[in-house]
Amino acid sequence: MKPIIVDQVEELLNNFKDKPIYLHLETTNGAYAAHRNEGMMTVSAFIRNGKIQFSHGKITGSHPYRVGLKLEDGWVYAQGLTDWEVTSDGQILLAGHDSEGRIAISLQLSEKPFN
Amino acid sequence: MKENHVLVVFPHPDDESFGPGGTIAEYTQSGIPVTYACLTLGEMGRNMGTPPFANRETLPLLRKEELADACAILGINDLRMLGYRDKTVEFEDEDKVIASIKEIINEIKPSLIITHYPGHGVHPDHDATGHATVEAVRQLPVAERPTVHCMAITKERERVLGKPDVVKDVSETMDTKIAAIKAHRSQTEAIFKQSSNQKVNLRNWLTEEQFWTYRF
């Protein structure tokens, strides 16, 4: 993955608009968060291959970035995104890595289900 | 007791190396076959490197290769990948998970099983895997049950379970254990970039392997 380039990401996001697409959205502070630091709560959530359709998508902020996708009846939102990649299948993969290279958030869109 | 076949059951590639890596190497180096049932491919692992060398979609393939490399180093020549998904083991149909482990037990008839102590794994996948393994053994006739050695990593483990009854100094196989840990490059590279002081602590921590024999 490479550091996010805003214009390119936004253009690609909008290639997905107005059609049914598969979403992977994930956020985590690691399964051992509370084990290592008792003041912390272990939290994580992920949805894989959730099916959505959005009317427009935007990327804002300046490293890390935020992405919002406007759905007919709601929103998809992700904060803390730093890196991106487009796969040979045209999937867009966005992720937020901390200073030690650990993934903390990921937002991915695909026309076909993720494996 | 000299084991005839050891079965190791863990959910994530690298659990086998960080946990009982030295013990596994001791068994394989003395000619005792070790089978590893690894439930997931660690699809949700967090370490992606700086700069990132993997993404969410490529990580499982990478970790599959690393798992094979680590098993080769530890001398495990029977690796079973059970095909569950990282972070979801506890939500699977429990009976099916138990049955999939029981099938392997019935096939290879291990004299010893190594897994996580249910309720003392910290990671929900660890607890679900330990629970399913213990339940699979419980379903066997008493006379046919292998010994089960559990790893416990919660902070309250000794308060709840007492002292571990099996404590091994694995200095003899430490180099193999560290090589196996390093084979899980994507997840462990950062650990070995620590200061030499931290490395001494790491080595000391890795030298002692503790197990609690499960009492049915």
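**Figure 1. A salt bridge within chain B of the predicted model.** The side chains of B:Glu158 and B:Lys163 meet in a salt bridge, with 3.0 Å from N to O. The structure shown is a predicted model. B:Glu158 is partly exposed, at a relative accessible area of 31%, whereas B:Lys163 is exposed, at 65%. Elsewhere, A:Asp98, A:Glu100 and A:Arg102 are joined into one network by salt bridges that share partners. In general, side chains of opposite charge can pair when their charged atoms come close. Over all chains, a search of the whole structure finds 15 salt bridges.

**Figure 2. Salt bridges between chain A and chain B.** B:Arg56 forms a salt bridge with A:Glu26, and their closest N and O atoms are 2.7 Å apart. This pair joins two chains, because B:Arg56 lies in the loop between β2 (34-38) and α3 (59-74) of chain B and A:Glu26 lies in strand β2 (residues 21-28) of chain A. Both B:Arg56 and A:Glu26 are buried. A further salt bridge links A:Arg48 with B:Glu57, whose closest N and O atoms are 2.9 Å apart. This pair also crosses between chains, from strand β3 (residues 44-52) of chain A, which holds A:Arg48, to the loop between β2 and α3 of chain B, which holds B:Glu57. A:Arg48 and B:Glu57 are both buried.

**Figure 3. The crossing of helices α4 and α5 in chain B.** Two packed helices are described by the angle between their axes and the distance between the axes. Here the axes of helix α4 (residues 94-108) of chain B and helix α5 (residues 124-138) of chain B come within 8 Å and cross at roughly 60°. The two helices, α4(B) and α5(B), are therefore oblique to each other. The crossing in which α4(B) passes α5(B) is right-handed. From α4(B), the contact involves B:Glu94, B:Val97, B:Ile98, B:Ile101, B:Lys102 and B:Ile105; from α5(B), it involves B:Thr129, B:His131, B:Ala132, B:Thr133, B:Glu135, B:Ala136 and B:Val137. By type, the residues of this contact comprise seven nonpolar, three polar and three charged. B:Glu135, in helix α5 of chain B, is buried, with a relative accessible area of 19%. Between B:Glu135 and B:Asp95 there are 9.3 Å in space, C-alpha to C-alpha, although the two are 40 residues apart in sequence.

**Figure 4. The mostly covered helix α7 of chain B.** Seven of the ten residues of helix α7 (residues 174-183) of chain B are buried. These are B:Met174, B:Thr176, B:Lys177, B:Ile178, B:Ala180, B:Ile181 and B:Ala183. The elements of chain B that cover the buried residues of α7(B) include α1 (15-18), α2 (21-29), α3, α8 (185-188), α9 (196-207) and β7 (208-213).

Figure 5. Most residues other than glycine have a negative phi, and most peptide bonds are trans. In chain A, the peptide bond from A:His63 to A:Pro64 is cis, with omega near 5°, and A:Pro64 is placed in the loop between β4 (54-61) and β5 (65-71). In chain B, a cis peptide bond joins B:Thr50 and B:Pro51, with omega about -5°; B:Pro51 is in the loop between β2 and α3. A:Asp18 has a positive phi, near 60°, and lies in the loop between α1 (6-15) and β2 of chain A. B:Lys87 has a positive phi, near 75°, and is found in the loop between β3 (78-81) and α4 of chain B. At 17% relative accessibility, B:Lys87 counts as buried.

Notes:
Residues are numbered from 1 along each chain as its sequence is written. Chains are lettered from A and ligands numbered from 1 in the order in which they are written. This is a predicted model: local features need pLDDT of at least 70, side-chain atom pairs count only at pLDDT 80 or more; totals for chains, interfaces and linings use all residues. Side-chain values use heavy atoms; hydrogens and water are left out. Axes are lines fitted to C-alpha atoms, for helices over the stretch in contact, and angles run from 0 to 180 degrees between N-to-C directions. Helices (H or I, at least four residues) and strands (E, at least two) are DSSP runs, numbered from the N terminus. Angles under 35 degrees count as roughly parallel, over 145 as roughly antiparallel, 65 to 115 as roughly perpendicular and the rest as oblique. A crossing is left-handed if the near helix is turned anticlockwise from the far one by less than a right angle, and right-handed if clockwise. Contact means heavy atoms within 4.5 Å. Ala, Val, Leu, Ile, Met, Phe, Trp, Tyr, Cys and Pro count as nonpolar, Asp, Glu, Lys and Arg as charged, and the others, Gly among them, as polar. A salt bridge is a side-chain nitrogen of Lys or Arg within 4 Å of a carboxyl oxygen of Asp or Glu. Buried means under 20% relative accessible area, exposed over 50%, partly exposed in between (1.4 Å probe, protein chains only).
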